[in-house]
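Here are some exercises to work through with the model open beside you. Try each task yourself before you read its solution.

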Amino acid sequence: MSYLALYRKFRPQTFDEIVGQDFVVTTLKNQIKSGNISHAYLFTGTRGTGKTTAAKVFSRAINCLNPVDGNPCMKCRSCLDNGGMDIVELDAASNNGVEYIRDIKEKVQYAPGSSKYKVYIIDEVHMLSQSAFNAFLKTLEEPPAHAVFILCTTEAYKIPQTILSRCMRFDFKLVGVDKLEALVGDVLVRSGKSFTPEALNAVAVAGEGSARDALSVADRCIAFCGDRQLTYDDVLNVLGANDGRTVNKFASYILNGQLAEFLVLTDKTVREGKSVNLLARDIAAQLRDMAVIKLCNNARKLVNVPDSMYSVLESSAKDVSLKKLLYAAEVFGRIDSDLRFALNPRILFEATAIKVANSNGEVDAESLDRRIRQLEKRSAAAPAKAASDGQSYVPRNEGKTEQPRTEPALPAAGVKDYNAARRVWASVLKEVHTLDEPIFSTVCTEVSDCYILNGELVLELTAGQLNLLGQRQNTEKLQKLLSDCAPLRLVLKKREKRGDAEETVEAFRKLAGNSEFIVNE
Ligand SMILES: [Zn+2]
């Protein structure tokens, strides 16, 4: 006899053998017990979750002559005959045309041969064409009393609303790892196969919520290891997966910034023929597990790894901040699709790891905001620092916080700079006011025309101002105060008589200059 796949060999015969769909099973059993059968059912859910199996069990149960607690008895004529001609299984993926539905429409009118109901199980029903759906709708609207339709699909959203609204809908959930473990363990025992608990767990996890996938992995494992006991390493080999400890090394190197070690290990792993895509997925999954361990006090139930691996994860999660863990998990979870389309996935993988290693994981809005503010502060401070080097100007508002002894900005050579001169002169004036020399102070305050040119602060003075400030001791005093404020030489000049236009410009400049003095003080 040819080899029968485990999932077919051990396909549930009764509701009680179906795993992980308690809500569906209970409801269907209650319908059998009460005899309250609908004409149309929709079984929807991810592949391998037991839709077709449940449809088969249900169709057998409604025709069973002696149902036991809603289950088919598996002893009566109908059960043994497997429904005979009255249970029809169809695959809409290969027969999706309208003529196919017309055929059903015609045949469903005939009464069942030996059973109570004529059951049509239509798999992949979302594949029907629009006209086929239209034709089918007529049948659903006025079905013969003996007809029951069970529509199975992975994509319920593709089914017209008019059809959906006439069906009793059941959503099949992904099967939990513990339930898959129990199922696979039972099947392996019944197949006379021994295994380690770690191996069983790895098979169940690989099923990703699908009983059929888990059993299919188990099938491959049995074929791989023959008569000896199935081990964790066997399962990893069959799956082409990376073992948890290697993945943990990758994760730890990334989280701890050990980039050299990381690159060496990547090279070794790639040379072994492992794919970086799979590796990235494994790393993402492990980072997630570590984050869960860090977040929850009792995370053991939420993390599907063998006990020995759990303690490894626990200890490597201890020294990493949750923020960094979550950031790393997010980044590695996200590169999956990018890796698939990358010309050189290895480069992307390594670059991503380096990026994560060099980050502190601060990606939340609050920290982004903080970083923006830091940058703003730094960029505002940068010109001020440059200014003290004599390269640039102090921003206008900087004057507010300026200390008396702070060196003001200086202009570039060859340019008459009035603004910088006003700032310098304002600083000098502050010092002048501290001298307690009222006349000197008053005259200095009245000086309004000044500019910086080629390293000189030029004061344009009236005859009276020049008379006082031009006195040697006063000039020396001013030069000393000026030198304390800026590396400039003081030059006193008698103000020239100007033309009207020049006077107007000068008047505006003075106004602007006055306001600036106010700001600076
Ligand atoms: Zn029966």
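**Exercise 1.** Find out how many residues of strand 4 (residues 147-153) are buried.

*Solution.* Start with the terms: strands (E, at least two residues) and helices (H or I, at least four) are DSSP runs, numbered from the N terminus. Buried means under 20% relative accessible area, exposed over 50%, and partly exposed in between, with a 1.4 Å probe and protein chains only. Now count: 7 of the 7 residues of strand 4 are buried, so the strand is largely enclosed by the rest of the structure. Next, sort the side chains: A147, F149, L151 and T153 point one way, while V148, I150 and C152 point the other way.

A word on the source: this is a predicted model, where local features need pLDDT of at least 70 and side-chain atom pairs count only at pLDDT 80 or more, while totals for chains, interfaces and linings use all residues. Residues are numbered from 1 along each chain as its sequence is written, and side-chain values use heavy atoms, with hydrogens and water left out.

**Exercise 2.** Work out in which sense strand 1 (residues 40-45) and strand 4 pair.

*Solution.* Two strands pair if DSSP finds at least two bridges between them. Strand 1 and strand 4 have 5 bridges and are parallel, with F43 opposite C152. Then look at strand 3 (residues 118-123), which also runs parallel to strand 4 and is joined to it by 5 bridges. There, K118 stands opposite A147.

**Exercise 3.** Identify the protein donors of the zinc ion and the geometry of its site.

*Solution.* Donors are N, O and S atoms within 2.8 Å of the metal (3.2 Å for Na, K and Ca); water is not among the atoms, so sites may look incomplete. The SG atoms of C64, C73, C76 and C79 lie 2.2 to 2.3 Å from the zinc ion. Along the chain, their spacing reads C-x8-C-x2-C-x2-C. The angles among the 4 donor atoms are 102 to 121°, and the site is tetrahedral (four donors with all angles between 85 and 135 degrees). Lastly, C76 and C79 are both buried.

How values were computed. Tetrahedral: all angles 85-135°; square planar, octahedral: opposite > 155°, others 65-115°.
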